[in-house]
Every structure is written in structure tokens, then in C-alpha cells.
Amino acid sequence: MCDSINYKLFINGAWRLGRNGADLPFLNPATEHEFGRVAVASASDLDDALTSAQVSLLQWSNTPAEERGALLIRAARILKGKIDIAAAALSTEQGKTLAEAKGEYARAVEMLEWNGTHAGKLSAPVPIDEKRMIVPEAIGVVAAFTPWNYPAVLNARKLGASIAAGCPVILKAAEETPSAGVYMIEALQEAGIPPGVVSLVFGNPPMISKHLLASPVVRALSFTGSTPVGKQLAKIAAGNLQRCVLELGGHSPVIVFEDADLSKAAWAISEYKFECAGQSCNAPSRILVARSIYREFLAKLVRAAEKIRVGAPDDPETDMGPMANARRIEAMERLTKDAVDRGAKVETGGRRIGRAGFYWAPTILSNVHPESEVLREEPFGPILTVAPFDTIEEAVEEANDTEYGLASYFFTESPEIQKRMIRSLVAGAVSMNHLKGVSADAPNAGVKQSGYGYEGGVEGVRAFQNLKLVNGVKA
Ligand code: NAD
């Protein structure tokens with residue numbers, strides 16, 4: 001466990017308090033007590049970050065891409081050496097288990113490495129024919145906003161892609177989980193990032209986003225968070241025509257067909273769902289099961305959920321820690337009550353655990369009325385709904401019956417059904433016979449109200465580049 005700490009802003013190559021001296025507390029969600037404090041950026045701190053980013057742009061975007069890549073790889077190595085201490089801080093601030101936090105940091109290191117390894121290739125001219133070529137260029141200063149659920153991975157993904165593309169980046173990390181931003185920036189600083197290329201700010205999120213996006217210096221924004229906030233930011237960004245990468249909410253279905261390996265499906269769903277106490281945008285939330293196997297599968301899923309050991313995040317026996325904040329507990333209470341009031345049956349869980357800490361039991365609801373809030377709103381917590389279906393058409397219709405379109409999953413051994421599902425499920429990612437999240441080497445994006453613009457892989461770097469068409473030059 002870490003001692004109480006104070007985190008600063010990082011602007012123009014230096015750690016400092018905000019100009020007005022203000023700070024904010026953040027909690028340990030396992031105890032609900034204050035764990036540390038984080039400095040608050042004022043408008044003039046943000047102006048400093050904008051100026052230093054603008055000043056660094058010319059030099060950074062003209063630094064050979066291989067050098068930028070080498071710096072990212074050095075930073076990845078430095079971060080790797082600090083995983084134990086960084087993961088302990090993340091686990092205490094966020095509530096995820098220590099094992100989950102270490103796993104998250106391992107993926108964050110991969111994100112930095114991947115972007116570092118590919119920076120050179122992705123900045124090289126791309127010939128079209130003998131007389132034309134595409135020259136990728138840095139889009140300019142990026143404003144990045146990351147949430148509290150996977151702060152290490154999301155910081156690494158946004159910073160890695162921006163830095164590889166040659167863009168200075170101002171990161172507004174989540175005030176509730178500040179250490180992931182601090183460890184990441186320290187690693188970049190130790191690796192030799194020039195002043196101004198990265199800034200780290202905390203404070204009042206609407207004030208910060210409005211201020212940064214009002215500046216024509218910012219040419220792109222990358223936001224991960226809720227759909228309503230993503231829409232607000234896209235509206236502000238329209239004023240300066242800043243390019244948006246928006247990774248927003250999800251409400252992901254899993255379809256379990258009657259030929260599926262039921263035990264494998266139940267364990268896979270339970271394991272993936274209850275990671276990070278269900279606070280993942282890709283987490284499955286609506287399970288649709290062929291009626292012929294419905295009872296048998298439900299029993300297996302309930303058994304798997306009841307095996308999840310809920311407890312202190314630093315206890316090695318714990319599978320699932322507390323939720324990150326009181327807002328999520330209130331949401332779990334509201335969604336469960338609304339579903340039960342409309343006739344849902346609580347198969348397991350459905351309640352808060354203990355008096356201290358934001359602990360919510362792994363919950364499975366059946367017989368959920370279609371108008372229930374839990375089927376419309378992203379649950380973002382350890383609640384699963386389960387329902388039977390009779391035909392493939394019905395399963396597909398129900399799976400797609402949401403405003404979101406981030407991830408969809410299905411379990412079947414039938415090649416015909418697999419092909420049909422890949423075609424029919426409306427989502428940014430479709431996975432069969434297992435559940436998988438984001439990786440460094442593949443693009444990830446939502447459709448419908450889950451956002452637009454790619455993160456990860458080649459497309460993640462391209463999101464922060466302009467592709468200049470050059471005519472008449474021998475490539
Ligand atoms: P929220 O929408 O207020 O905040 C989500 C994140 O966005 C936070 O990190 C917050 O600091 C930031 N944010 C909020 N307003 C902002 C603004 N105007 N400008 C810039 N950043 C802003 O909600 P919350 O209570 O923190 O989380 C609840 C909901 O957010 C969840 O139900 C879920 O739908 C969504 N969420 C999604 C993801 C994801 O990975 N897609 C991550 C976290 C939260």
C-alpha cells in the first residue's frame with residue numbers, strides 16, 4: 001500500500017502546483033478515506049501548457065520518427081521497471097486488484113512499445129504510383145482526456161500514438177486516479193522527452209476541456225468516457241474543426257447458442273465481466289441464451305459469478321475489488337431497484353457488500369422487462385442481465401437493440417452461424433468463443449453512440465496525422 005501523496009501538474013518540462021494553489025482530494029475506494037491530493041490547473045496553467053506545446057511542435061514533428069520511437073521504447077522499459085510500485089498506487093486509487101493493476105500496466109508498456117516500434121514506418125512516405133506519394137505529417141497539438149477505469153492503458157494508448165505521430169500532447173488525466181498519468185509522464189521525462197511535448201493537467205474537467213478546445217493551437221482531441229460528455233466535447237471541437245477520436249460507452253451483448261461449450265462460455269463471461277468490477281466499456285452486459293439451454297446455462301453462470309471472491313484489492317485471494325466511486329454504487333442501486341420493480345428476478349447479488357468501501361456483489365438479473373433502465377443505460381458495473389431467445393433473428397435483433405455499438409460476443413461452433421453473426425452484429429469489435437479487449441496492434445472503435453475515430457494499431461497513429469498528397473515527385 002502506498003502512503004498518502006500529493007501529485008503535481010507537469011507543464012513545460014517541470015512538475016509544479018497550479019498557479020492558484022488549489023488541489024483536490026482523491027479517495028481509496030476500499031475505505032472511502034482520502035488517499036491523496038492532486039493539484040488543480042487554472043486557466044493560466046492551461047495557457048502555459050498550450051504555449052509550451054505550440055513552441056515544441058515544430059521541433060518535435062521534425063525530429064526523425066525513429067528517434068521519437070526510440071524514446072517511447074526507452075519510456076516503456078522505464079515504466080516496466082516501476083510496475084510494482086505504479087500498480088500498487090493504481091490498485092489503491094481505483095479499487096482494481098493488484099493483479100489486475102499489474103496486468104493493466106503490462107498492457108500499457110506494450111502500447112508504448114508498439115507505437116515506438118512503428119513510429120518510423122508510419123511516418124515514412126507512402127508511394128501511390130511513380131509520380132505520387134502520401135507524406136504523413138503530425139496533425140499538431142493533441143488534447144487527450146482519459147477516465148478512471150483503465151487509466152494506465154488509456155494514457156499509454158493516447159500518449160504513445162500522439163508522440164509517435166510527432167504531436168505534442170496535453171493530457172487531462174482522471175482526478176480520481178492520478179498516479180497513472182504521473183508514472184507515465186515520469187517515464188517519458190526520464191527517457192528524455194523535450195519540454196512542452198507532454199503536459200499533464202488535472203482539475204475541473206469541463207473547464208479544462210472548454211479552455212483547451214477553445215484554442216486553435218489544439219488540432220485534435222482524443223476522449224474516452226461517457227457518450228453525453230463525448231458529444232459535448234465534439235460540439236465544442238466543431239468550433240475549431242478539431243479532429244475527434246471518441247471512445248464512448250458500450251452495452252455489449254453475448255449470444256450463447258445451443259451448440260456452445262456452456263461451461264467455457266459461463267466462465268469466460270464471468271471472468272471478463274467482473275474484471276475491474278465491471279467498469280469496462282467492453283464488458284459484456286446483456287447475455288442472450290438459446291431457450292433450449294437457458295436454465296442449464298443460467299445455473300452455470302450463477303455458479304461462476306458466485307465463485308468470484310470480492311474483497312480488498314491488495315489481498316491476493318481477491319478476484320474483484322470495490323467499484324471506483326460512490327457514483328457507481330448509486331447507479332448499481334438505482335438500476336437494480338428499477339429492474340426489480342419491473343419484475344426482474346435477482347439470481348445472485350443485487351446488493352452492496354459491507355459498510356465501508358464501494359463494494360457491490362456480482363449480480364445476475366433474469367426476467368428483465370425490456371423498458372428497464374439496465375437494458376437502456378450502460379451499466380458500467382458488475383451487473384449482467386440474462387434472457388432466452390428462440391430464433392437467430394430474434395437474438396440478433398435483441399443484441400443490436402441498443403444505442404451503443406462497441407463490442408459484441410457470441411459462442412457457437414457452427415461455421416454458418418459464426419459467419420452470419422460477424423455480418424449481423426453491429427459493433428466496432430466482434431469476438432467469437434472468447435471475450436477479448438483492446439490490444440496495442442489492432443484498431444478499436446465504436447459505432448453508433450459508442451463513438452468514432454480509431455485508437456490502437458496503425459489507424460491509432462494515423463488519427464493524429466494529416467496525409468499530405470504530393471504530386472509530380474518521383475517517390
Ligand atoms: P463522466 O461522464 O462525468 O466522466 C467520465 C470521464 O470523463 C471522467 O474521467 C471525467 O473526468 C471526464 N469528464 C467528465 N466531463 C468532462 C468534460 N466536460 N470534459 C472532459 N472530461 C470530462 O462520468 P463518470 O461518473 O466519471 O463515469 C460514468 C460513466 O462514464 C459510466 O457510466 C460510463 O458510461 C462512462 N465511462 C466510460 C468509460 C469508457 O471507457 N468508455 C470510462 C469511464 C467512464
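Which residues does UniProt list for "domain: Aldehyde dehydrogenase"? The unreviewed entry gives residues 22-470; UniProt positions follow the numbering used here, feature names are shortened, and annotations may be inferred rather than shown by experiment. Residues are numbered from 1 along each chain as its sequence is written. The model is predicted: local features need pLDDT of at least 70, side-chain atom pairs count only at pLDDT 80 or more, and totals for chains, interfaces and linings use all residues.

Select residues 22-470. Over this range the chain is 43% helix and 22% strand, with helices (H or I, at least four residues) and strands (E, at least two) taken as DSSP runs numbered from the N terminus. The end C-alpha atoms of the range are 49 Å apart.

**The two domains**

Next, colour 5-248 together with 450-470 as domain 1, and 252-432 as domain 2. These bounds come from an automatic or database domain assignment. The C-alpha centres of domain 1 and domain 2 are separated by 31 Å. Their contact draws 17 residues from domain 1 and 22 residues from domain 2, two residues being in contact if their C-beta atoms, placed from the backbone, lie within 7 Å. On the domain 1 side, α3 (83-94) and α4 (98-123) are the elements giving two or more residues. By class, that side has five nonpolar, seven polar and five charged residues; Ala, Val, Leu, Ile, Met, Phe, Trp, Tyr, Cys and Pro count as nonpolar, Asp, Glu, Lys and Arg as charged, and the others, Gly among them, as polar.

**E93 in helix α3**

Now centre on E93, which is placed in helix α3. Is E93 buried or exposed? E93 counts as buried because it has 27 C-beta neighbours inside 10 Å; the cut-offs are 20 or more for buried, 12 or fewer for exposed, and partly exposed in between, with C-beta atoms placed from the backbone. Leaving aside residues up to four places away in sequence, E93 touches F26, N28, F35, E176, T177 and S179. For a distance check, pick R286: its C-alpha lies 28 Å from that of E93, at a sequence separation of 193 residues.

**An open sheet**

Finally, show β6, β7 and β23, three strands that form an open antiparallel sheet in the order β6-β7-β23; strands pair if DSSP finds at least two bridges between them. Because β6 (126-129) and β23 (465-471) stand at the edges, each with a single partner strand, one side of each lacks a neighbour in the sheet. Strand β7 (residues 132-138) pairs with β23 over seven bridges in the antiparallel sense. To locate one of them, select M133, whose bridge partner in β23 is V470.
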